[in-house]
Amino acid sequence: MFNTLGLHSSAPALVRYTHPDQLPDLSRLAGDYENAFVLGGGSNVVLAPSLSSLVVTVQSRGIRLVSETRTEWIVEAQAGESWHDFVAYCLDKGWPGLENLALIPGTVGAAPVQNIGAYGVELKERLHSVVAWNLQERRLVEMEGDACRFSYRDSFFKHGPAGRWLIVAVRFRLPKRWEAVLDYADLHRHPVLSAAGAAITPRQVFDAVCELRRRKLPDPAVLGNAGSFFKNPIVSAASYRVLYDAHAQVVAYPQADGNYKLAAGWLIDQAGWKGRRLGPVGMHDQQALVLVNYGGATVTDVMRLADAVRADVVARFGAQLEQEPIFVS
Ligand code: EPU
């Protein structure tokens, strides 16, 4: 329970956070334990079998329009809202802009931690601010984008001492002048979207993204997984050139700074791991970047497979894969 990879894990205590009124008490309670660990939807974590921390599950709800100007809406969601339901709610209200991020599992509060991204949009591009409680210092802060130090699947919140921050709410800046983001190849060539031309609607993009994700990514309710298990590695232009000379089909995306982002799914697939199992875990047969739990796996099984995949990819392509979900010990 509480983690989509489906690993069994126990903790000395678990407490539900539902309202900001609880924050001072939570800080007091956290002081009684070795540490505190804040859990959202549990869709981006690898949990050790026995945790020493107090676990705080975030279940606060509420969405509101904070303000509106001629050019934008500022919308706030409490951290425990389901990310996908929030995206769908905004669309229903006529506040588009998040549709490329539809169907990402997890909660609103977890979204800034790894700066979720999909189909050409990252959370940081739509973020207004993060309202967060410092559990140790017992104070509420509002952090704007720069302070959150976002980068590819990374932020300020993913580093530093664990259990320091509880994200309370996230605010988004949604421009009224909506423009479809179709840079991602699968969207660009999607039949409905390419036929729509200038008349394209946010709902069409939302539907297309849902369709693509359902096709490729396993539903955690059916098959345990934590989304992409590795980041797409970023390499220098020189390293990319060496790789390209040996493997002209390599899938890579040039970055603004001159580096290249390699498609880890392609590397893992080519290394022969797509659809391959090792004990109760395996790499998914539709998307080799997703590690799946066929049932009863432990963190040892997960690490054994991850190490084997990493070793094969580095031996074959010289590229180092970095784990994407957070390991909680
Ligand atoms: N590919 C293969 N074999 C595979 C998987 C992928 O050859 O088994 C190739 C694809 O053909 C494509 C390329 O690799 O040319 C990229 O694959 P895909 O479009 O599926 O995207 P990705 O780079 O593997 C990233 C994100 C996903 C996100 C998608 C869509 C990371 C680590 N992953 O995957 O995010 O949904 O793009 O934008 O950046 C997540 O973070 O948990 C996640 C699912």
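The model is predicted, so local features need pLDDT of at least 70 and side-chain atom pairs count only at pLDDT 80 or more, whereas totals for chains, interfaces and linings use all residues. Residues are numbered from 1 along each chain as its sequence is written, and side-chain values use heavy atoms, with hydrogens and water left out.

The side chain of Asp-245 meets that of Arg-241 in a salt bridge, at 3.8 Å from N to O (a salt bridge being a side-chain nitrogen of Lys or Arg within 4 Å of a carboxyl oxygen of Asp or Glu). Both residues belong to helix α6 (residues 237-246), and because they are four residues apart, about one helical turn separates them. Helices (H or I, at least four residues) and strands (E, at least two) are DSSP runs, numbered from the N terminus. Arg-241, at 46% relative accessibility, counts as partly exposed.

In the structure there are 18 salt bridges. One of them joins Glu-76 to Arg-171, with 2.8 Å between the closest N and O atoms. Glu-76 is part of strand β6 (residues 72-78) and Arg-171 of strand β11 (residues 165-175), so the contact ties together parts that are 95 residues apart in sequence. Glu-76 and Arg-171 are both buried. These two residues also belong to a network of salt bridges that links Arg-64, Glu-76, Glu-142 and Arg-171.

A further salt bridge is formed by Lys-158 and Glu-324, whose closest N and O atoms are 3.1 Å apart. Lys-158 lies in the loop between β10 (139-144) and β11, and Glu-324 in the loop between α8 and β19 (326-328); the pair thus links distant parts of the chain, 166 residues apart. Glu-324 has a relative accessibility of 3% and counts as buried.

Aromatic rings of Phe, Tyr and Trp (its six-membered ring) were paired if their centres lie within 6.5 Å, with planes under 30 degrees apart counted as stacked, over 60 as edge-to-face and the rest as tilted. This rule gives twelve aromatic pairs. Among them, Phe-156 and Phe-157 are edge-to-face, because their ring centres are 5.2 Å apart and their planes at 75 degrees. Phe-157 is buried, with a relative accessible area of 13%. Tyr-240 and Tyr-260 form a stacked pair, with centres 4.0 Å apart and planes at 10 degrees. This pair ties helix α6, which holds Tyr-240, to strand β15 (residues 260-262), which holds Tyr-260, across 20 residues of sequence. Tyr-240 is buried at a relative accessible area of 13%. One aromatic cluster consists of Trp-83, Phe-86 and Phe-172.

Charged groups also sit over rings (NZ of Lys or CZ of Arg within 6 Å of the ring centre and within 35 degrees of the ring normal). Lys-261 lies over the face of Tyr-152, 3.6 Å from the ring centre, and the charged end of Arg-276 is placed over the ring of Trp-273, 3.8 Å from its centre.

An open sheet is formed by four strands in the order β12-β18-β17-β16, with antiparallel pairing (two strands pair if DSSP finds at least two bridges between them). Its edge strands, β12 (224-228) and β16 (277-278), each pair on one side only. β12 is joined to the antiparallel strand β18 (residues 290-293) by three bridges, and Ser-228 has Val-290 as its bridge partner in β18.

Definitions and conventions
Buried means under 20% relative accessible area, exposed over 50%, partly exposed in between (1.4 Å probe, protein chains only).
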